[in-house]
Amino acid sequence: MAGVSPPGPGPHGPGGRRRLREDGVRTHTSAEQSKVEDIVQEVFDAYKTNHHAVQFVLQREKHFHYLKRGLRQLGEAYEAAPVRPWLCYWILHSLELLEEPIPQSIASDVCQFLSCCQSPQGGFGGGPGQHPHLAPTYAAVNALCIIGTEEAYSIIDRQKLLEYLYTLKQPDGSFLMHVGGEVDVRSAYCAAAVASLTNVLTPALFTGTAEWIARVPWCWGGVLVLVVKPTPGDETCYPMQHWVTGRQMHFEGGFQGRCNKLVDGCYSFWQAGLLPLLHRALHTQGDDALSMSRWMFDQSALQEYILLCCQCPAGGLLDKPGKSRDFYHTCYCLSGLAIAQHFGSGDLHHELVLGIPENRLQPTHPIYNIVPEKVVKAVMHFLQQPIPSLEATG
């Protein structure tokens, strides 16, 4: 069931937006918030004056050329940065959302580069020869699953990956981000995501993880679904639902990362992407109050913010007006836009595409943040292979 909205800001638009109320107490935080609202107001006013403003159209061609240049040749600033598997993932995922094919020669080059980032100990580092780390491991596995060829799948050493995950597993069920590194929910999410995609997720590997997650004040939605798996009567989802929905800004329409923070385009996915996972969990628990046609946030308002405030005229997307474009924000702004456009799947799939029909992106999987078809293809591929022997982990 698809629908395309008429042009112009919707019910959450400039006339109905609520500015910050300081109640007579001005702080540094409130001053910064007011500055952002002033800048956003200028963008909305410019659009209201001219409904044909170019910013309200998703600039697909410009974004494509920005991404294509980045994939072929990263700037010098990125060469030594320990984020190069991330750059591959951010760019590849942005291209798949835009439905832009990846030339076979470039896909093969990416595979070979990521192969050089894989550690002999298992997992992937931030660049060739670097120590393995769960964050670039997650990015590299996602990038290879997006490419989705036999060459890409064969790069992943699943035996060594499982061994590496066991070296990071802690007695309380948590995971280190890297050997000798910190523990937080991100590490559990990265471990669960790569293990489930590549069919090395075993009960033994995640023993105690659900209980550890339950002790974390705000658990990660992806881990909630992959590891904790809420059951009927479980009340843990409701506080998270209240917290996440409260992060959508009343005036801007985008999301902030935490209370008293500014809106940021990347949280279009990091926050809005949690709502489909919570929706699924609450539906599993039998919550009859859930809508069967929309997520638990203002999808139109988020699309307005991304299309009006986050597009760089030269291509690429950004945090907020006045900031610079980068591949990170391009990926997560587009991912959030996809979440806001698509609801559900199968017979319950509804679409709300703000603006022209050509603004429509491919849907993205809210757990892995790659398109659902690539998730299915990767999972089916690795399910045909046996889970590596646990004895081999020592």
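View 1. Tyrosine 138 is buried, with a relative accessible area of 2%, where buried means under 20% relative accessible area, exposed over 50% and partly exposed in between (1.4 Å probe, protein chains only). This is a predicted model, in which local features need pLDDT of at least 70 and side-chain atom pairs count only at pLDDT 80 or more, while totals for chains, interfaces and linings use all residues. Residues are numbered from 1 along each chain as its sequence is written, and side-chain values use heavy atoms, with hydrogens and water left out. Tyrosine 189 is also buried, at 5% relative accessibility.

**View 2. The edge-to-face pair of tryptophan 90 and tyrosine 328.** Rings of Phe, Tyr and Trp (its six-membered ring) pair if their centres lie within 6.5 Å, and planes under 30 degrees apart count as stacked, over 60 as edge-to-face and the rest as tilted. By this rule the count comes to 16 aromatic pairs. In one of them, the ring centres of tryptophan 90 and tyrosine 328 are 5.4 Å apart and the planes stand at 75°, so the pair is edge-to-face. Tryptophan 90 is buried, with a relative accessible area of 11%, whereas tyrosine 328 is partly exposed, at 25%. Tyrosine 138 and tyrosine 189 form a tilted pair, 5.3 Å centre to centre with 55° between the planes.

**View 3. Arginines over aromatic rings.** A charge sits over a ring if NZ of Lys or CZ of Arg is within 6 Å of the ring centre and within 35 degrees of the ring normal. The charged end of arginine 19 sits over phenylalanine 251, 5.0 Å from the ring centre, and arginine 247 lies over the face of tryptophan 243, at 5.1 Å.
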